[in-house]
Amino acid sequence: MTADHAAPPDAPWVWLDGELLPAVGRHLSVFDRGFQLGDGVFETLRARGGHVTELDEHLARLHHSAAGLGIPLAADADAVIRAGIAGILRANGLDGPSADASVRITVSRGPFRGRGLLPVGEPVRPSMAIQTWPVMPPPADHLERGLHLIASRLRRDPESPIAALKTTSRADYVYARLEARHAGADDALFLTLDGHLSEATSANLFLVRDGELATPALACAILPGTTRSWLLGWASTVGLRPAEGWLTTRDLLDADEAFLCSSVAGVLPVTRFEGEAIGEGTPGPWTAKARAAREAFIRGES
Ligand SMILES: Cc1ncc(COP(=O)(O)O)c(C=O)c1O
């Protein structure tokens, strides 16, 4: 028997096309276009106590990404996904009151027997998978010392029609993460073709400066993050002016504070860029407030 990937003991089940399957084992056809070409879309969400944060927003983005690649989603896809998430959280024991889970929904175009970028033949049903993992708290030094970012050599094209889609073609992001690792940094920032700030490999970027909470505009080849939207709304409730625009690496270095944000990791301080300190070079008070407020929201406390 061929050796399988070891399944994490804390997530023994996966959900695939309506069925719960043991995580250990082979699941998809080798012809699946997600495997062959990264021809798919995905979402990553956070579920606390079995409650999924901003599920409607994630489903809307999943539909937008799928439509962008012409992957047809069934009319009942949302209901199927909602039931699938509830089922896999339960099966993996991640639906209890203190459970904290990340949930990934992946949809590929499905298994086409033909080869080529646009194979002819029978339309096939997209493959849909849902996986969960327990959320681990960030390493203490990420919160205490903050992240060190470098600029990726890969640039983002703001005119690209797929820049804002959450596709499974993630080679650029993996490459950028490797660049960061080789440089001894925590993550890489993408810049646009003309050198403006875009986003990190799996998070949006915010700067705090002079009472303003600034972030690259949607036009800067970013994923329209759900946490980003929430933070822009939160800013005005705490007396920060939300601002979206074209920001430079100089703006980043001159900021009082900087942080990254995403659904699963929440808010994480960024204190160095390309070896230079941002602000005081230590995590700042607004970053801590943003993190605490977002975590409270995820726990359903606000
Ligand atoms: C490239 C990229 N940007 C931004 C984000 C943040 O998006 P969200 O806040 O919806 O998780 C992610 C999330 O994984 C991402 O992969």
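## Helix 6 against helix 8

In this predicted model, helix 6 passes helix 8 in a right-handed crossing. Helix 6 spans residues 226-237 and helix 8 spans residues 285-298. Their axes lie 11 Å apart, and the packing angle is about 110°. Helix 6 is therefore roughly perpendicular to helix 8, because angles from 65 to 115 degrees count as such.

Helix 6 contributes Thr227, Trp230, Leu231 and Trp234 to the contact. Helix 8 meets them with Ala290, Ala293, Arg294 and Phe297. By class, this contact has 6 nonpolar, 1 polar and 1 charged residues.

## Nonpolar cores

The largest nonpolar core has 41 residues. Those with the most contacts inside this core are Leu149, Leu189, Phe206, Ala258, Phe259 and Leu260. A second, separate core has 23 residues, including Ala47, Val52, Ile71 and Ile85. In soluble globular proteins, nonpolar side chains tend to be buried together.

What does phenylalanine 206 touch, not counting residues up to four places away in sequence? Its contacts are Leu213, Ala214, Thr215, Leu231, Ala258, Phe259 and Cys261. Leu231 also takes part in the contact of helix 6 with helix 8.

## Serine 65

Serine 65 sits in helix 2, residues 55-68. Is serine 65 buried or exposed? Serine 65 has 22 C-beta neighbours inside 10 Å, so it counts as buried. The cut-off is 20 or more.

Beyond four places in sequence, serine 65 touches Val41, Leu165, Lys166 and Thr167. Alanine 163 is 98 residues from serine 65 along the chain, yet their C-alpha atoms are separated by 10 Å.

Definitions and conventions
Residues are numbered from 1 along each chain as its sequence is written. This is a predicted model: local features need pLDDT of at least 70, side-chain atom pairs count only at pLDDT 80 or more; totals for chains, interfaces and linings use all residues. Axes are lines fitted to C-alpha atoms, for helices over the stretch in contact, and angles run from 0 to 180 degrees between N-to-C directions. Helices (H or I, at least four residues) and strands (E, at least two) are DSSP runs, numbered from the N terminus. Angles under 35 degrees count as roughly parallel, over 145 as roughly antiparallel, 65 to 115 as roughly perpendicular and the rest as oblique. A crossing is left-handed if the near helix is turned anticlockwise from the far one by less than a right angle, and right-handed if clockwise. Two residues are in contact if their C-beta atoms, placed from the backbone, lie within 7 Å. Ala, Val, Leu, Ile, Met, Phe, Trp, Tyr, Cys and Pro count as nonpolar, Asp, Glu, Lys and Arg as charged, and the others, Gly among them, as polar. A nonpolar core is a set of buried Ala, Val, Leu, Ile, Met, Phe, Trp, Tyr and Cys residues joined through C-beta atoms within 7 Å. A residue is buried if 20 or more other C-beta atoms lie within 10 Å of its own, exposed if 12 or fewer, and partly exposed in between; C-beta atoms are placed from the backbone.
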